[in-house]
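Here are my notes on the model, point by point. Please keep the structure open while reading.

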Amino acid sequence: MAVSLLNSYNVSDLCIGKPALRSLTPTATVAEALSLLKRGGGAVALWGPPETNPTIVGRVCMVDVLCYLCAEENLSSPSSALSAPVSALLSEGSAGLVRRVEPKTSVLDALDKLLEGAQYLVVPICKRSTPLGRKKHSFTFDFCWLTPEDFVRFFLNNIAFLSPTPTLPISSLGIIRPAEYTIHHSTPAILAVPLLRAAVAAQSSVAVLSDDARLVGEISPYTLSLSDESAAAAIAALPAGDLISFLDCLTSHPTSTMRAIKSQLKSQNLLGMLELLEPDVSSSNSSIVSASSSGSESSGCESSDEEPTIRRIRRNGSYTARMGSKREDAIVCHEWSSLVAVMVQALAHRVGYIWVVDEEYGLVGIVEFLDILNVFREQFREQL
């Protein structure tokens with residue numbers, strides 16, 4: 001029955017209601033990419049050289065910009081780095097990670113492209129005509145992104161056809177994998193940059209662990225996608241635990257927090273990074289946005305300047321008791337959670353993964369969207 005479901009749907013059904021993607025030309029700069037990302041978050045497509053048949057060759061997001069600014073060669077002069085071509089944001093081996101599929105492609109064939117290594121699919125969604133003269137027109141296409149999230153949502157909407165697999169605990173499906181990207185809360189956040197790059201490619205996240213290997217938060221690409229360039233300065237200056245406290249704030253940061261960041265940057269002689277915190281650079285841009293919480297103790301965004309250092313990470317379970325209540329908090333499940341519950345939870349929080357923890361919030365592993373899609377793909381193979 002699951003196979004018959006797929007045979008009756010094609011890629012165009014997954015594109016209904018999706019907006020046209022935003023794009024940049026090869027001549028654009030990193031600064032232009034940053035400006036476009038701050039106006040709407042998400043990601044933008046990068047077109048290949050115009051002298052050839054232009055195609056979409058990459059996808060860049062705010063995390064790509066932040067990691068680029070925090071690269072060793074750019075730390076001393078991030079403002080100069082912003083003038084580089086936007087192609088500098090693409091990693092080596094990125095060719096082929098964005099694949100075009102046609103609207104009439106079957107859902108199963110498109111799914112196979114993701115499971116074979118494509119990170120994102122682009123689909124033409126409409127054809128626009130531009131008059132060139134009498135009876136002559138130029139035709140161009142608008143495109144949209146398709147991601148693993150779109151396929152997981154599709155299967156959730158048709159969950160009845162996939163029974164009984166969605167009701168099984170994730171531990172019985174063999175999809176809990178070891179967490180690859182982890183960092184200790186006292187480790188400098190700058191050391192998480194290679195992990196963040198890898199996590200973005202895998203559509204995963206970086207877990208922040210306590211001394212006893214409990215999950216106390218995460219450096220989430222989704223949260224960072226809502227930020228501006230000031231987050232690069234925080235990454236360069238703060239330990240990982242303090243970075244998630246920095247991301248804890250709503251629309252502005254306490255004076256004490258900014259003072260601590262500036263002091264640390266000066267002590268490391270990273271004076272160029274201070275420019276990312278100057279009012280004329282970032283005051284008109286969107287500050288890091290996270291879900292609100294009531295009370296100064298829980299939010300960590302006190303306006304008082306009495307405390308000279310940044311709030312340290314909560315320990316002994318007090319932090320994990322509210323895990324998932326704000327955007328920078330990790331979204332978790334347990335080994336006995338059902339597959340459908342994990343799907344619902346991940347989709348509700350707009351993340352492509354769920355951390356698996358034990359009763360004490362010890363990190364057991366992670367379940368990612370591709371793991372879930374592989375389960376359904378195997379189910380289809382068994383029915384062929």
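1. The largest nonpolar core has 60 residues. Ile-219, Ile-261 and Leu-265 have the most contacts inside it. A nonpolar core here is a set of buried Ala, Val, Leu, Ile, Met, Phe, Trp, Tyr and Cys residues joined through side-chain atoms within 4.5 Å. Buried means under 20% relative accessible area (1.4 Å probe, protein chains only). This core takes at least three residues from each of domain 1 (1-128 + 139-167) and domain 2 (172-275 + 328-370); the bounds come from an automatic or database domain assignment. Another core, of 48 residues, lies apart from it and includes Phe-154, Leu-173, Ile-354 and Ile-366.

2. The model is predicted: local features need pLDDT of at least 70, side-chain atom pairs count only at pLDDT 80 or more, and totals for chains, interfaces and linings use all residues. Residues are numbered from 1 along each chain as its sequence is written, and side-chain values use heavy atoms, with hydrogens and water left out.

3. What does Ile-219 touch, leaving aside neighbours within four places in sequence? Its contacts (heavy atoms within 4.5 Å) include Ala-192, Leu-196, Val-206, Leu-224 and Ile-244. Ser-205 is also one of them.

4. Helices H4 (residues 62-69) and H9 (residues 193-202) pack with their axes 10 Å apart, at an angle of about 155°. Axes are lines fitted to C-alpha atoms over the stretch in contact, and angles run from 0 to 180 degrees between N-to-C directions. Helices are DSSP runs (H or I, at least four residues) and strands are too (E, at least two), numbered from the N terminus. H4 and H9 are therefore roughly antiparallel (over 145 degrees). Val-63, Asp-64, Cys-67 and Tyr-68 in H4 meet Val-193, Leu-196, Arg-197 and Val-200 in H9.

5. Ser-163 and Pro-164 are joined by a cis peptide bond, with omega about 5°. Pro-164 sits in the loop between H7 (148-157) and H8 (170-173). Gln-203, in the loop between H9 and strand S8 (206-209), has a positive phi, near 55°. Tyr-361 has a positive phi as well, near 65°; its loop runs between S11 (353-357) and S12 (363-368). Most residues other than glycine have a negative phi, and most peptide bonds are trans.

6. Is Ser-210 buried or exposed? Ser-210 is buried, at 8% relative accessible area, in the loop between S8 and S9 (215-219). Its C-alpha is 5.9 Å from that of His-185, 25 residues apart along the chain. Beyond four places in sequence, Ser-210 contacts His-184, His-185 and Val-216.

Conventions:
Buried means under 20% relative accessible area, exposed over 50%, partly exposed in between (1.4 Å probe, protein chains only). Angles under 35 degrees count as roughly parallel, over 145 as roughly antiparallel, 65 to 115 as roughly perpendicular and the rest as oblique.
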